[in-house]
Each structure stands twice: as structure tokens, then as C-alpha cells.
Amino acid sequence: MITTEADPVGEDVLDDATLVARARDGDVPAYEQLVLRYQGQMFRLAMRMLASRGDAEDVVQDVFLIVWRRLGQLQEDAAFVGWLYRMTTNRCLNVLRARRPMADVDLAEQVSSTPAGQPDRAAEVGAQLTALTAALAQLTAEQRACWLLREVHGRSYEEIAAALDTTSTAVRGRIARARAQLAEMMAPWR
Amino acid sequence: MAVNQTTEGYELPCGRDVETVWARLDETDAHQRDCPHCTAARQSLLVLRSLTEVMTADESAPSPGLTGRIMSAVRAEVRRGDLVELPSAEPGGARISEAAIAAVLRFAADQVPGVRARRCRIHAIEDDPGAIEVRMTIAVSYRHFAGALDRIRERIEAAATGRIGVRLARLDLTVDDVYQP
Amino acid sequence: MTVELTSDVPGCEAHVASQVIAAIAVRAATGTSGVIRLEPGLVGLVGSLVRTARGQLTRVDPAPTDGVRVTGDQNGLRIEVDLVTSGQDQVAAVAGRVQRAVARSVHDATGLPVAEVTVSVLDVELSR
């Protein structure tokens with residue numbers, strides 16, 4: 001295999017494939033680099049799926065620990081990020097299923113408490129995103145997952161289909177329905 | 001443009017599909033100019049797209065303690081079976097995990113210009129306490145290729161004895177990547 | 001576990017809890033040159049890992065004796081220490097220093113014989 005790339009500016013900036021290969025051997029600092037690199041993305045996905053910072057952090061913590069344990073099962077070092085997204089998505093879906101049955105409808109009204117009993121600040125900073133967050137809460141969990149993974153995180157249809165154990169066609173359908181519903185909810189803001 | 005049945009999006013009263021309006025968001029055509037449904041849908045989708053861009057650019061971070069919690073849990077998972085005996089004069093003995101040895105040897109290999117260590121597997125040798133077998137995979141730059149392997153062997157040997165205190169009985173080096181310059 | 005200390009005074013018994021011995025060992029080990037910290041990897045998870053209501057894993061009683069386990073009896077203590085060393089010192093040399101420092105500190109403090117000190121190095125910190 002031949003790659004063409006310049007030497008990194010700093011000795012410390014290593015590509016994902018190298019970090020994953022090292023982490024597979026038990027290199028803890030290499031894994032920490034991967035955590036720092038991807039915890040933000042996974043956190044934002046989980047936060048928008050669950051509308052709770054605390055629950056999102058719990059999911060991210062669990063995912064990175066389980067991935068560490070199962071690194072030996074990873075077929076290709078390049079598949080690492082896709083694997084993170086799949087695992088984060090599925091844990092979020094499990095959390096949502098475990099909540100009360102009407103969870104998807106109530107999601108917009110759910111208040112997640114910090115230990116002090118104060119409600120969390122809005123899941124998004126800024127008034128602009130509040131409208132979109134509220135609209136996302138009206139979608140089903142699967143629609144929200146498909147839409148976020150595609151429109152915000154830029155994942156491929158194939159990868160999203162694998163994550164949700166369905167077909168690319170079904171994914172496109174969910175995203176189309178999600179988009180139509182979101183557009184309808186954006187109407188007051190035109 | 002024919003409505004794509006597989007998208008199963010919502011049909012507007014005029015017969016057009018919302019996904020079609022989305023696909024053509026930055027263009028317009030005769031139908032759209034005159035159709036209040038398409039115009040309304042287009043406006044809504046423009047708002048949606050703009051807010052999506054804001055959300056995509058957002059960099060909300062988890063609380064600062066999260067990385068620490070993750071890494072504590074990760075460190076606690078080192079397995080007992082991966083320990084290599086170190087020579088020790090004191091009763092009770094000393095051991096070092098294979099992962100720690102690998103980290104030291106990878107670091108040593110990285111010090112050679114143009115070399116990036118990748119995988120590093122360590123095995124203790126059964127009948128030879130204090131000795132190890134190393135299999136390392138590396139990437140090397142074109143510019144530094146000549147002589148790199150010898151330099152790496154020297155560094156790894158020196159690190160095994162000097163940094164750790166074990167003897168390098170065998171070293172297998174595999175170059176699985178070359179890169180510019 | 002408590003271990004009985006020898007006493008010269010008739011009618012006077014003394015015991016020391018193993019956590020105390022562990023704490024002495026921790027102090028000696030962390031004070032040894034070349035040791036970055038103790039690491040609760042294999043032994044000494046004081047209390048157990050439990051799941052909180054939110055499903056997080058947390059240690060019930062994060063005592064400072066994590067990374068050390070004390071077994072044995074008054075005929076000889078067996079102490080296990082798990083730690084992280086600095087990349088500046090040879091690992092085997094640091095391990096030997098820790099073995100000697102722990103044995104000496106525990107014996108000086110309690111008068112008990114230390115049969116063995118086993119050191120396990122779980123990580124080497126290369127930036128320091």
C-alpha cells in the first residue's frame with residue numbers, strides 16, 4: 001500500500017489508521033488521542049438524539065469503553081469511525097426504547113435534571129437551534145437518527161443502513177419523510 | 001421530473017414531491033414560480049437548510065471530566081495475562097505488561113527520522129525469562145528509507161535493555177507503508 | 001483483614017488493618033523515584049464497581065489504597081503493587097526500588113516481616 005502525504009508538522013499528529021493500529025495493541029495514549037478526536041462528534045449526536053447532556057455523556061462513556069474492549073474484533077483500521085457512529089446510534093436508540101412508551105412525543109417536554117434538581121440548559125446553545133431541536137424531537141427515533149447521521153454528520157447511506165440494520169432505500173425514505181416533517185415545522189419561521 | 005417512488009416523501013397538493021423541491025432548492029422553474037405550495041415548501045426548506053448548517057458547525061463539547069472518566073475505565077481493563085517477567089533481585093518479583101513494553105518500543109522506533117511505528121506485538125519467551133520476541137509493523141518515508149531498518153533495530157534493542165530491562169531475543173520488522181516525501 | 005502486631009507488653013495486643021498496611025505501601029511506592037502513580041488495574045479495587053441509577057460504572061469507595069493488595073499473615077506479608085513508571089528511568093530498576101522501599105517502610109512502621117513485594121508495571125509514561 002502506498003500513501004502520499006507530507007510529514008505531519010508535529011511528531012504528535014498521527015493519522016487514524018496508525019492510532020487505531022496502536023490502540024489495538026493496547027497503547028492507551030493512542031486510544032486517548034482517538035477519544036479526544038471523536039468524543040465531541042459522538043457527544044453531539046447523542047445529545048441531539050436524547051435531548052439530555054447527562055444521558056449523552058453516559059452513552060459516549062459506555063461506547064468508548066466497549067469499543068476499547070472489542071478493538072480486537074475490528075476488521076479494518078479504517079472502519080473505526082463508522083463503528084463508533086454505529087455503536088453510538090444503537091445505544092441511543094436503546095435508551096429511547098427504555099424510556100416511557102410515549103417517549104418520542106414527550107421528548108420535547110422532557111426535562112433532564114442535574115443533581116441539584118435544576119433543569120439542564122437547552123440542549124443547544126442559541127435560539128436559532130432551539131427551533132430545529134424542538135422539531136427534531138417530534139420525529140421518530142429512527143427518523144431522527146437517519147436525518148442527523150446524514151445531514152449533520154455526513155455519513156453515507158450504506159453506513160446508516162448498516163447502523164440501523166435496514167436498507168439504503170429505507171434510509172432514504174426515512175430521511176425524506178423527516179425532511180418533509182421538519183420543513184412543515186419550519187413554516188412559522190419563514 | 002418524475003416523482004421518485006422510493007423516497008416516499010410527502011406529496012404537495014400540486015403533485016410535486018418535497019424531495020424534488022429539496023433537490024432543486026437553488027434553481028427554479030416555471031411550475032415553482034407559479035405554485036404557492038412549492039414556493040412555501042421551498043421557503044421552509046431554505047430555513048431548514050440554514051439551521052442545519054448552524055447545527056453542523058456547532059461544536060458543543062461534553063463536560064471536561066468525560067475524557068478522564070473514559071480513560072480511567074480503559075486503564076482498568078489491562079489484563080493480567082499480558083505480563084512479562086522482569087529480572088528482579090527482590091522476593092516477589094516484578095512484571096511489566098506487554099502493552100507497556102510495546103509503548104516504549106514504538107516510541108523508540110518513532111525517534112528514527114521518517115519512521116512511524118504501527119502495530120507492535122510482544123511475546124515473552126517461555127524458557128527464557130527476561131527475554132522477549134517483538135513483531136513490529138512500521139511506515140517509512142521514501143526520503144529516509146535507506147538504512148532505516150538498521151537504525152530501528154538498534155534503537156529497539158537499546159530501548160529493550162536500557163529503558164525496560166529485558167533482552168530482545170528476536171525482532172521481526174514489517175514495512176507495510178511508504179509515504180512522501 | 002487485620003494482622004496482629006507483636007507486643008512486648010504483657011496483656012496488650014495490637015492489630016493493624018490491612019488497609020493501613022496498604023496505605024503505608026502506597027506512600028512508599030508513590031514516593032519512589034521513577035514512579036508516576038499507582039494504577040488500579042489488576043488489584044486493589046477497594047469496594048466494588050457498581051452501576052449507579054444512570055447506568056454509570058463508579059467505584060463505591062475510592063480509597064487511596066487502589067493499586068495495592070495486602071495478603072499474608074504475621075509470619076510474612078505479601079504485598080502486590082500496580083503502577084505506572086516514567087520513561088526516564090529503566091523500568092526494572094524502578095521496580096526494584098519500589099520493592100525495597102515498600103518492604104522497608106512497612107517493616108519499619110509495623111515491625112512485621114514482609115515476605116514479598118510484587119510489582120506490576122501497567123504503563124510507562126513516555127512524556128515525562
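Why is helix H1 (residues 16-24) of chain A largely enclosed by the rest of the structure? Seven of its nine residues are buried, so the helix is largely enclosed. Buried means that 20 or more other C-beta atoms, placed from the backbone, lie within 10 Å of a residue's own; 12 or fewer means exposed, and partly exposed lies in between. Helices (H or I, at least four residues) and strands (E, at least two) are DSSP runs, numbered from the N terminus.

This is a predicted model, where local features need pLDDT of at least 70, side-chain atom pairs count only at pLDDT 80 or more, and totals for chains, interfaces and linings use all residues. Residues are numbered from 1 along each chain, while chains are lettered from A and ligands numbered from 1, in written order.

Look at H1(A) again. Its buried residues include A:Leu19, A:Val20 and A:Arg22. They pack against helix H2 (28-50) and helix H4 (80-98) of chain A, and also against helix H5 (98-110) and strand S3 (115-124) of chain B. After the helix comes A:Gly26, with a positive phi near 95 degrees.

Now take chains A and B. Their contact (C-beta atoms, placed from the backbone, within 7 Å) takes 51 residues from chain B and 52 from chain A. On the side of chain B, helix H3 (36-57) is among the contributing elements. H3(B) gives the most, eleven residues.

Chain C touches chain B too. That contact takes 25 residues from chain C and 26 from chain B. Strand S8 (114-125) of chain C gives the most to the chain C side, with ten residues. Three bridges join S8(C) to strand S2 (residues 94-97) of chain B, and the two run parallel. Strands pair if DSSP finds at least two bridges between them. B:Arg95 stands opposite C:Ser120.

Conventions
Two residues are in contact if their C-beta atoms, placed from the backbone, lie within 7 Å.
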